[in-house]
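Visitor: I am new to this structure and would be grateful for a close look at a single part of it.

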Amino acid sequence: MSAALPVTPEQIAEQAVGAAEAGAAILHLHARDPADGRPTPEPEVFRQFLPRIKDATDAVVNVTTGGGHNMSVAERTAAGRQLAPEMCSLNMGSMNFGLFPAAERFSDWKHAWEPKYLEDTRDFIFKNTFADIETILHDLGEANGTRFEFECYDVGHIHTLGHFLERGLVKPPLFVQFVLGVLGGIGPTADNLLHMKRTADAVLGDAYHFSVLAAGRHQLRLVTMGAALGGHVRVGLEDSLFIAKGEMAQSNAQQVAKIRRILEELSLEPATPTEAREMLQLKGVDQVAF
């Protein structure tokens, strides 16, 4: 749906470095099969771009454990287990994850697999059971010293994270990503963002930092609101393909630069990678396996 989306390892590395140069302290990364753009969990594909990013920038590398539809937990965590990044994402609950409405808005596709991939989400559950989460916390957290971006798509996910905090399976400071606007999760409204923040305050107390991710056209206004509430922001082509109404973004860096301008106008200063590492108590880039 966008020619600007990076697919090959070279494109992913180039856009990641560009985003870091524009001011991103943390880079949340997925991998694609270079042949046809399908999401892939293969560690060898990640190995083709992670070292390039590490060599060119000091930004924190955050590897997905979400992967793609119908990947097993073992597949989704393979790159994180082998490459031991400073951070990985971790979804805090099973959910309907509906991307199928997008299939109805397009008729021309670059690859034949794409429309079915979207349509299949009409009957798809993104599985993240308590056992799955425990496995990831052990295999990546305990084993590798990797810390997590806890992705919370609804208020129940915050309570689940509170459960793991109470059990001592996660340690402060927690980095909690409020995700708004994915069909099947909480809706992208200002009231819902406030509800997520109030819930996290009640459940997690002072044990967390939060960030905001909002899908599509809701991205900039809700992440800006999150920053005004004392949080951090996530932008990028994974979440929105646009830079303004009706205007496609040309890169991830363009979105980073725009939100940086907005935040600086609000007298908010973007953290450096070093400051982000200190804030989130990360293990350091010298402890990764790539």
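Visitor: At what angle do the axes of helix α9 and helix α10 cross?

Guide: The model is predicted, so local features need pLDDT of at least 70 and side-chain atom pairs count only at pLDDT 80 or more, while totals for chains, interfaces and linings use all residues. Residues are numbered from 1 along each chain as its sequence is written, and side-chain values use heavy atoms, with hydrogens and water left out.

Helix α9 covers residues 219-228 and helix α10 residues 252-265; their axes cross at roughly 45° and come within 11 Å. Helices here are DSSP runs of H or I with at least four residues, numbered from the N terminus. The axes are lines fitted to C-alpha atoms over the stretch in contact, and angles run from 0 to 180 degrees between N-to-C directions.

The crossing of α9 and α10 is right-handed, meaning that the near helix is turned clockwise from the far one by less than a right angle. On the α9 side, the contact (heavy atoms within 4.5 Å) is made by Gln 219, Leu 220, Val 223, Thr 224 and Ala 227. Helix α10 contributes Gln 255, Lys 258, Ile 259, Ile 262 and Leu 263. Six residues of this contact are nonpolar, three are polar and one is charged. In that division, Ala, Val, Leu, Ile, Met, Phe, Trp, Tyr, Cys and Pro count as nonpolar, Asp, Glu, Lys and Arg as charged, and the others, Gly among them, as polar.

Conventions. Helix = DSSP H or I, 4+ residues; strand = E, 2+ residues; numbered from the N terminus.
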